[in-house]
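Hello,

Here is the structure I promised to pass on. My notes follow it.

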Amino acid sequence: PRPARHFEIYRCDREAWAKFRQYHYMNSELMAGAECYGLFEGNEQIGFFAVRHMPHPRNPRIKMGHRLVILPDYQGIGLGGWLIDSIGKLYTDKGYDFRIVCSARNMVHRLAKDSKWRTCRYNIDTGGTRKASKSIVASHRKVKTASFLYKGE
């Protein structure tokens, strides 16, 4: 459900990430080519969410949620979930498979019990067999992550 206060989602420039990067729990990198969205209350941007293309050998139509941040003063009232639901619907309506991977416990629990999302994976991410930079593998080592697919209403 939509929050009771009035919030809007708009595309935004990737430069908006500068305001939010310090609040992200993993790192401050934003993928090249990411499509950026802002969550606004009036004229103030209070949230950021980016979407990136996920290369896949069998499915060229996968988009991934990337770098969700809600400013601290606005956390805990459901805005992050509402934002990813809204963007998930937007991309699914365009014919994409929309996924998100996260490790934040509150978001994992929220998505796992939401009928709009299907849990694809929940385990400890050790970097897998794909080639990844040592810093990425080290930052993910022994962190439980969950992967979800947006399936809609």
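Which residue forms a salt bridge with K116? The partner is D85, with the closest N and O atoms 3.6 Å apart. A salt bridge here is a side-chain nitrogen of Lys or Arg within 4 Å of a carboxyl oxygen of Asp or Glu. D85 sits in helix α2 and K116 in the loop between α3 and β6 (117–125), 31 residues apart.

Some ground rules: this is a predicted model, where local features need pLDDT of at least 70, side-chain atom pairs count only at pLDDT 80 or more, and totals for chains, interfaces and linings use all residues. Residues are numbered from 1 along each chain as its sequence is written, and side-chain values use heavy atoms, leaving out hydrogens and water.

D85 also meets R110 in a salt bridge (2.6 Å, N to O). R110 lies in helix α3 (residues 105–112) and D85 in α2, so this pair ties together parts 25 residues apart in sequence.

Through shared partners, salt bridges join D85, R110, D114 and K116 into one network.

Are these residues buried or exposed? D85 is buried, at 9% relative accessible area (buried is under 20%, exposed over 50%, partly exposed in between, with a 1.4 Å probe and protein chains only). K116 is buried at 13%, and D114 is buried at 13% too. R110, at 24%, counts as partly exposed.

Regards

Notes:
Helices (H or I, at least four residues) and strands (E, at least two) are DSSP runs, numbered from the N terminus.
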